[in-house]
Structure formats: C-alpha cells, structure tokens
Amino acid sequence: MLVSDATSARPTERSGGSTVAHQHVDVLIIGAGLSGIGAACHLQRELPGRTYRILEARDAVGGTWDLFRYPGIRSDSDMFTLGYSFRPWGGPRSIADGGSILRYIEETAREHGVTDHIRYGRRVTALAWDSGQARWTAEVSCADTGGTETLTAAFVYACTGYYRYDEGYTPEFAGADRFRGRIVHPQHWPEDLDPSGKRFVVIGSGATAVTLVPALAEDAAHVTMLQRSPSYVTSLPDRDAVADLVRRLLPAERAYAIVRWKNVLVTSAFFQLSRRVPALVKRILRWRLERQLPADFDLDTHFTPRYDPWDQRLCLVPNNDLFRALRAGRASMVTDHIDTFTEEGIALTSGASLEADVIVTATGLNLLTMGGIELTVDGEAVDVSDTVAYKGMMLSGVPNFAFAIGYTNASWTLKVDLVSTYLCRLLQHMDAHGYDHVMPLRPSDGEPLRPLIDLTSGYVTRSLDQLPKQAHRAPWQLHQNYVRDVRLFRGGALDDEGVRFGRALTASRRTDRVA
C-alpha cells in the first residue's frame, strides 16, 4: 500500500559536499506553478492523510505567472476556466493580467496550507524507480547549498509544464550582432527597459506578440509587429457580462460553476465548428476583423493564415486593444521575411527596412519534456519519446508516475484539475486493493501511433520527436474534449486494459516519511 509506516525522518548526512536527505513522502509533486499548487490542494482536500512535498526549482510560487514579466502579460483563457474548480475566481475581469493570476495562485496555496510543503531552489534532475521497493528515488539539486539531496516517494506527479524556463526560442538572425539597439526575448524581460519614446519591432504573430504590441504602444514612439505569416485573431471583452449578472444573483460557488460550464460549452462548440466547417469560421473571423479595422486595411496579407482555424491556437485580443492601436497609428503590421539585422534595425527580403531602438523576439518557446528529468525504471533509462501516453497523464512502462498537461483548445487548468482528481481516485483504489504500484501498458503491436499534441505551431513541431505518442483509441488517446474527459476522469474505470496493478517484490518496506 502507498501509505508509509514510519513517520520520522532520519538525520541528514553529508558526503563529499553533497547532501543526502533520507526522507519519504507518499506523493512527490514537481513544480509549484498553477498545476502543482492545484495538485497539492486536491490531495489535501480529497486525501488529507497523505504526505506530500512540492519541489520547485525557482524561488517562488507561480511558474509561468511568476516567470513572465513582459508588458501586458495576461491570460489567453478566461479565468472561470483557467481558475481552479474548487476555488471560484473572484476578480472583476474574465481575461486577467498576470499579476492578478499570480496573486490568485499564491492565495490559493496559503488558504489550503500548501505553502508549508514547498521546498524552493530544488531542481529534480533524476528519478529512479525500484520495483523491489515500489518507490521512486529523486535526485535533487539544491540552489542554496550547491549540493544534492535525495528524496523517496511512492508516487510522482510531474507538474513541470512543457517548456524550458531558462531559455526561450530565438532563431538565428543574420547580422544580429550588428544591431546597435537592444534585443529582448519576452521570457526574460529586463526590469530596466522603459518603452517611453522608443521604436519597437516585435517579431512574431502569436499570443505573446499580440499581447505585447498594444501594451508597448501606450508609451512607445511606435511599435511594428513583424510577422512571417499571420495568425487567426479575434477580440473579446475582458469582462464577462453573463458572469457579472450571475454573480450578483447567486452565491459565489454556484455562480462560478454555472459560468465555468457556460464558457466550457461555448469554447468547445466553437472548436468543433472550426474543425467541421472551417470555411464558415474563417468568414466569421474575417467579418469580425472588418468591423474593427479600417476599410483599407490589408486583411488578406496580415490576418489571413494559410492554415485552418485551431490548427494553431486562436489569438485573443481583449477589448480590441490591438485593433485600437493599429487604428490610432501607434502600431503597425508588416508581413514579410527577415533578410538581416542592420545597425539601425531590420532589412526585409522585400527590400524594405524597419528602424528600431529595441527588437523583441516573440518567437516562441523551447519545449522541455518532463522538466528534463532523467527517468530510469529498474536501472533502464526511459526514452519518453518512445512511450505512449495513457489517458494523456501517464507513460507506458513507467509505474506510479503522472504528468500534468492541459488542453490545447481550451483552458490549461480544466484538464489539470481532472488529472489531479483522477490521481486521487487512483491512489484510493490502490489502497483499497492493497496495490503498491500501477503501470500503464502500451497498446498492442502494430497499432498506429501519432504525436501527443496535434497543433502545427512552431514550438510544437520543433519538438514532436521529444514527446510521448498517443494512439487512436481510448485509453491511449488524448481527447481535446472537456465534456468527454469529465466522464472518463471522474467516473470512468480505473482498472482497464491500459494498466496493470501490482505489489512490491519485497515483503517488507519500512520507510521514513515526512510531511
């Protein structure tokens, strides 16, 4: 069974400058971002007797929402679905700024007593599974001491996200070293950068660029959004009128549930319409753009992508802020290819040039599967790209290990909440039947496999070879459908053809345990 039978931790030993801490928990959560804090809250709410620890490589809660500090940083999902299912979002805006989201995560952690379980500056570098003991041993790098420590756990839940926190993606631009101004990636926005009176060129066409351009345009001399190819963009108000009404009439929790489901169903319906009748959705999106931009604006060049809607994520423009900046002349769009950076800016393949004081490379993320952690099972290295995802949350051949990954067509947290709930159900099931481990299995040989994420965005296609695979049928298929997943994760079978439960090989497994 997963619950350990000892409650005290052995003294810490030091050897060769490294720290070896003999500690054991029932569940090790890796990452204290939106997913990790939510996972810990679910454990405390649904399995209050479990011991757990959160290891966070950085020095703060919040993950993405603490890391990204660029102007205008905000959600691109509504907060009634990006918020946790168990804690109503109380802010006035449905599309919230990054600071408000970070405070929401921090407050949730404090209210649920999660902060005492977090260890900061702890990067998990390796996880080794021992079938004899039915436990993981985590090797942890400690930022404060420069040494390492070890921690054992019955179950590991990786809430690491899917991109590298220390490095954003920037292509190699010819002549970049010649540019006399400043080159900045949004993932590492400098605190001392004052946009006032400066000319900016923002390279990119995704959500980050769409957010940055109107925010910078408020103070900059001018902002040019330079894109190689356009993305689908649409506007929404940052306040939800239905939510405001419902919250005035009903108690907070009930109102939150109603608005959450309303937004889930609207988003899901639009996604399904995009998949089934893409030509209609293209016309709708274009009609909306025509209402927001001048009649002579070149929509064909700047806002007509080569792909269908939702082959890549749809970019959200709250309160028409990007369109207002374009109409006012404070921002402009250029669709072209970069030939080379120059001393004064960028020379384009068309022969045109863009002058700039600051160039922002909003060119995307670098993916990092499972936080870059080395996984071994009984001494054998695990190649994550050779595994098949079980229910989009576990890896074939890897026991007692789950990972959090959200939807690509809806709010991240919707899926992560379901995975955390499922994990609690799974642990209860294992206790009830005396199981020590659960291991997902691969589908039968010859069954066709495909990439885990089906977007054509550059950050995905660059890293498809690093990701697990999925099959075309349950339980190895990753559904991008919250309504369907609610049934699967909250009430679906725990013991199916995709998993095998078992007990440890050794008869006795006395362990040390810490809260």
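Predicted model: local features only at pLDDT ≥ 70, side-chain atom pairs only at ≥ 80, totals over all residues.
View 1. A pair of aromatic rings is described by the distance of the centres and the angle of the planes. A search of the whole structure finds 19 aromatic pairs. One of them joins Tyr-84 and Phe-86, whose ring centres lie 5.1 Å apart and whose planes meet at 10°, so this pair counts as stacked, and both of these residues are buried. Trp-89 and Tyr-104 form an edge-to-face pair, with 5.4 Å from centre to centre and 70° between the planes. Because Trp-89 sits in the loop between helix 3 (79-82) and helix 4 (98-111) while Tyr-104 belongs to helix 4, the pair ties together parts that are 15 residues apart in sequence. Trp-89 and Tyr-104 are both buried.

**View 2. The packing of helix 11 against helix 13.** Two packed helices are described by the angle between their axes and the distance between the axes. Helix 11 (residues 412-433) packs with helix 13 (residues 482-491) at an angle of about 15°, and the two axes are 8 Å apart. This angle is under 35 degrees, so helix 11 is described as roughly parallel to helix 13. The crossing of helix 11 and helix 13 is left-handed. On the side of helix 11, the residues in contact include Leu-414, Leu-418, Tyr-422 and Arg-425, and their counterparts in helix 13 include Tyr-482, Asp-485, Val-486 and Phe-489. Sorted by class, this contact has 8 nonpolar, 2 polar and 4 charged residues.

View 3. Gly-492 is placed in the loop between helix 13 and strand 29 (499-502). With a relative accessible area of 15%, Gly-492 is buried. The C-alpha atoms of Gly-492 and Asp-59, which are 433 residues apart along the chain, are separated by 38 Å.

**View 4. Helix 10 and the elements around its buried residues.** Within helix 10 (residues 321-328), the residues Asp-321, Leu-322, Phe-323, Ala-325 and Leu-326 are buried. The buried residues of this helix pack against helix 5 (207-217), helix 8 (278-292), strand 13 (233-236), strand 14 (315-318) and strand 15 (331-335). Helix 10 is followed by Gly-329, which has a positive phi near 80°.

View 5. Where is the cis peptide bond that joins Ala-474 to a proline? The bond links Ala-474 and Pro-475, with omega about 0°, and Pro-475 is found in the loop between strand 28 (469-471) and helix 13. Trp-310 has a positive phi near 75° although this residue is not a glycine, and its place is in the loop between helix 9 (299-302) and strand 14. The relative accessibility of Trp-310 is 8%, so this residue counts as buried. Lys-391, which is likewise not a glycine, has a positive phi of about 55° and is found in the loop between strand 23 (389-390) and strand 24 (394-395). Lys-391 is buried, with a relative accessible area of 2%.

Notes. Residues numbered from 1 in each chain as written. Heavy atoms only, no water. Phe/Tyr/Trp six-rings, centres within 6.5 Å; stacked < 30°, edge-to-face > 60°. Buried < 20%, exposed > 50% of the residue type's maximum accessible area, 1.4 Å probe, protein only. Helix = DSSP H or I, 4+ residues; strand = E, 2+ residues; numbered from the N terminus. Axes fitted to C-alpha atoms, helices over the stretch in contact; angles between N-to-C directions. Parallel < 35°, antiparallel > 145°, perpendicular 65-115°, else oblique. Left-handed = near helix turned anticlockwise from the far one by under 90°. Contact = heavy atoms within 4.5 Å. Nonpolar A, V, L, I, M, F, W, Y, C, P; charged D, E, K, R; others polar.
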